[in-house]
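Hi,

Here is the structure I promised to pass on. Have a look at it first, and then read on for what turned up.

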Amino acid sequence: MIAERLQQALDRGINRIGELIILRDVADSAFALCHIDDKDRLDELEIHRGAGAARDLSTWAEDGHYRFTKGELSLKKGWMLLLTDLNELRQALDLFYPAALGVWIAQEDGTLEVQHLRDKLGRQTGMYKFAKGISDAGAQRLVREVCGPGNCCVKKILWQLDADTPLEDSEASRFDGTLGEPARSIPLLCREACNHFVAECRKASKAEFEAAGAAKG
């Protein structure tokens, strides 16, 4: 089903997802992937073959640091991945952006379930259970400081603080999950706060608790 919907999207002219551009009929391959910024210098790119190569290409950033979330805006450049068929393309995209195609299709179909932040934090256990103590103001601030392209995340936020509390207007909350040409892009969608955001909530919650204690003397 996902491969079929991907083919339909390609037939409609969609050819971008995250920092990737999808090329057709390149060299001897049905599909190819490369960084959007490399689309005008294909002859200079290092060639890789097969969906499995996407794992290494997506793991390390240009400066060598580990990309701890696949939605990080740091995909390295200078390569082209050749793929023999649609199934290989789907597999490669799933390695670059895990579950992104399925989440996008669910949203298109109106079946996507979104988990708001308070529900996410309420499920935390162990050391992360303290994350739930973060104030609304603290959580809104973290969205501005952690999410969105200004903070190297390329995903569109779908969740709110809770069902009745939307995110405040900011670059992060307005971002649409595409990098140019939205009509030709599959947006990357954030249906629940990531583990990195939860960890930042824990730090902020602890800081708020300590500040309140200090204020009381």
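This is a predicted model: local features need pLDDT of at least 70, side-chain atom pairs count only at pLDDT 80 or more; totals for chains, interfaces and linings use all residues.

Aspartate 85 caps the N-terminal end of α3, with one of its side-chain oxygens 3.2 Å from the backbone nitrogen of asparagine 87. The helix itself covers residues 86–96, and its buried residues are Leu86, Glu88, Leu89, Ala92, Leu93, Leu95 and Phe96. For the spacing, recall that an α-helix has 3.6 residues a turn, so residues three or four places apart point the same way.

Phe96 leads on to the aromatics. Searching the whole structure gives three aromatic pairs. In one of them, the ring centres of tryptophan 79 and phenylalanine 96 are 5.5 Å apart and the planes sit at 10 degrees, so this pair counts as stacked. Tryptophan 79 belongs to strand β5 (residues 79–83) and phenylalanine 96 to helix α3, so the pair ties together parts that are 17 residues apart in sequence. Tryptophan 79 and phenylalanine 96 are both buried.

Now to the overall picture. The protein has eight helices and eight strands. Its C-alpha trace spans about 70 × 40 × 30 Å along the principal axes. There are 217 residues, of which 44% count as buried. If you take the contacts with a separation of 6 or more, 67% of them are between residues 24 or more positions apart.

There is also a helix pair to look at. Helix α1 (residues 2–11) packs against helix α4 (residues 100–109) at an angle of about 75 degrees, and the axes are 10 Å apart. That angle makes α1 roughly perpendicular to α4. From the α1 side, Ile2, Arg5, Leu6 and Ala9 take part. On the α4 side they meet Leu101, Gly102, Trp104, Ile105, Glu108 and Asp109.

Arginine 16 lies in strand β1 (residues 16–17), and with a relative accessibility of 8% it counts as buried. Its side chain reaches the backbone oxygen of leucine 179 at 3.4 Å. Leaving out residues up to four places away in sequence, arginine 16 touches Ile21, Ile36, Lys39, Leu179, Gly180, Glu181, Arg184, Ser185 and Ile186.

How many disulfides are there? The count is zero. Cysteine 147, for instance, is in no disulfide: the nearest cysteine sulfur belongs to cysteine 153 and is 6.2 Å away, whereas a disulfide would need the two sulfurs within 2.5 Å. Cysteine 147 is buried, at 9% relative accessibility. Cysteine 34 is buried too, with a relative accessible area of 0%.

Cysteine 152 has another point of interest. It has a positive phi of about 70 degrees although it is not a glycine. This residue lies in the loop between α6 (136–146) and β6, and at 40% relative accessibility it is partly exposed. Alanine 27 is also a non-glycine residue with a positive phi, near 50 degrees. You will find alanine 27 in the loop between β2 (20–26) and β3 (29–35). Is alanine 27 buried or exposed? With a relative accessible area of 69%, alanine 27 is exposed, since the cut-off for that class is over 50%.

Last, the loop between β6 (156–157) and α7 (171–174), which holds alanine 163. Alanine 163 counts as exposed, at 58% relative accessibility. From alanine 163 to phenylalanine 31 is 41 Å, C-alpha to C-alpha, and the two are 132 residues apart in sequence. Glutamate 168 lies in that loop between β6 and α7 as well, and at 42% relative accessibility it counts as partly exposed. Setting aside neighbours within four places in sequence, glutamate 168 is in contact with Gln140, Arg144 and Ser173.

Cheers

Notes:
Residues are numbered from 1 along each chain as its sequence is written. Side-chain values use heavy atoms; hydrogens and water are left out. Buried means under 20% relative accessible area, exposed over 50%, partly exposed in between (1.4 Å probe, protein chains only). Helices (H or I, at least four residues) and strands (E, at least two) are DSSP runs, numbered from the N terminus. A polar contact is a pair of N or O atoms within 3.5 Å; within protein, one must be able to donate a hydrogen and the other to accept it, and residues adjacent in sequence count only if both atoms are side-chain atoms. Rings of Phe, Tyr and Trp (its six-membered ring) pair if their centres lie within 6.5 Å; planes under 30 degrees apart count as stacked, over 60 as edge-to-face and the rest as tilted. Axes are lines fitted to C-alpha atoms, for helices over the stretch in contact, and angles run from 0 to 180 degrees between N-to-C directions. Angles under 35 degrees count as roughly parallel, over 145 as roughly antiparallel, 65 to 115 as roughly perpendicular and the rest as oblique. Contact means heavy atoms within 4.5 Å.
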